[in-house]
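I set down here what I looked up in this structure, entry by entry. The sequence and the model come first, and my notes follow.

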Amino acid sequence: MDELWGGYFREESDIVFHLARLCAETFGLGYIHLNSPISTFYFSNYPSLKEREKKAKRQYIDIDITNPNTFSRKNAKHGIFVEVKWIYKDIVKAGGKRPLEIRMNGIEKDLEKLEENLKNGRCENAFMVIVDDEGRIDNKRVAEWKEKHPDVQILLCQCNVTNTT
């Protein structure tokens, strides 16, 4: 547990930051937006608070890659929505199985959110990026997610992992 999170990431937002930097190098300034809000203010087809079961007024997308000339227009179709989840090293040792369950549920919710935004024409492409430092996600799980959410691209990164499942 001395090296619980490693040298690059301490929080999931670190991964979002570094991934956004790489995207900025590829797409250029003005295209990358972090924690981008999705609400009735930006999209007419986003359900109103009365129509939704949840109390949140809006969603947020970790990384939104969109042409800066159209980004702020209401109902503009955004280019790429990216959600990021991190399964950190020793997640089970650090807090039992609950933190892992929370992350796995978060992945499923993000996949549903991305799929819903694609279906409603709010973005052209959607990516779920999973950084699994623990080796908890196997090919079978990824295949199940891909079958359930076929339009969302799932990118799994498992670096220097010894599978412990």
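In which sense do β3 and β4 pair, and over how many bridges? I found the pairing of β3 and β4 to be parallel, with nine bridges. I note at the outset that this is a predicted model.

**Entry: the chain as a whole**

I looked up the secondary structure and found four helices and five strands in the chain. Read from the N terminus, the elements follow the order α-β-β-β-α-α-β-α-β. The chain has 165 residues, and 39% of them are buried. I then turned to contacts with a separation of 6 or more: 68% of these join residues 24 or more positions apart. The chain exposes about 10200 Å², and carbon and sulfur atoms supply 49% of that area.

**Entry: the sheet**

I traced an open sheet of five strands, ordered β1-β2-β3-β4-β5, and its pairing is mixed. Strands β1 (32-38) and β5 are at the edges; each has a single partner strand, so one side of each lacks a neighbour in the sheet. On average, neighbouring strands of this sheet are turned by 35° against each other, direction ignored.

I recorded next how strands pair in general. Strands of a sheet pair through backbone hydrogen bonds, either parallel or antiparallel.

I went through the pairs. β2 and β3 run in the antiparallel sense and share three bridges; D64 has F81 in β3 as its bridge partner. For the parallel pair of β3 and β4, I noted that I80 stands opposite N125 in β4. Strand β4 (residues 123-132) also pairs with strand β5 (residues 153-157), in the parallel sense and over five bridges. On the way from β4 to β5 the chain passes through helix α4 (residues 139-148), and this β-α-β crossover is right-handed. Two positions facing β5 went into my notes: I130 is opposite L156, and F127 is opposite Q153.

**Entry: cover on the sheet**

Is β3 mostly covered or uncovered? I found β3 mostly covered, with ten of its ten residues buried. I also looked up helix α1 (residues 12-27), which packs on the sheet and touches β1, β2 (59-65), β3 (78-87) and β4. The direction of α1 makes about 145° with that of β3.

**Entry: helix α3**

I checked the length of helix α3 (residues 97-119) against expectation. Its 23 residues, at 1.5 Å a residue, should span 33 Å, and the end C-alpha atoms are 33 Å apart, so the two values agree.

Which residues of α3 are buried? I listed several, among them P99, L100, M104, I107, L111, L114 and L118. The buried set also includes residues such as E108, D110, K113 and N117. An α-helix has 3.6 residues a turn, so residues three or four places apart point the same way. After α3 comes G121, which has a positive phi, near 70°.

**Entry: residue E11**

I located E11 in the segment before α1.

Definitions and conventions: Residues are numbered from 1 along each chain as its sequence is written. This is a predicted model: local features need pLDDT of at least 70, side-chain atom pairs count only at pLDDT 80 or more; totals for chains, interfaces and linings use all residues. Side-chain values use heavy atoms; hydrogens and water are left out. Buried means under 20% relative accessible area, exposed over 50%, partly exposed in between (1.4 Å probe, protein chains only). Contact means heavy atoms within 4.5 Å. Accessible areas come from the Shrake-Rupley method with a 1.4 Å probe; for residues, only the protein chains shown count as cover. Two strands pair if DSSP finds at least two bridges between them. A crossover is right-handed if, with the strands pointing away from the viewer, the path from the first strand over the helix to the second runs clockwise. The expected span of a helix is 1.5 Å times one less than its number of residues. Axes are lines fitted to C-alpha atoms, for helices over the stretch in contact, and angles run from 0 to 180 degrees between N-to-C directions.
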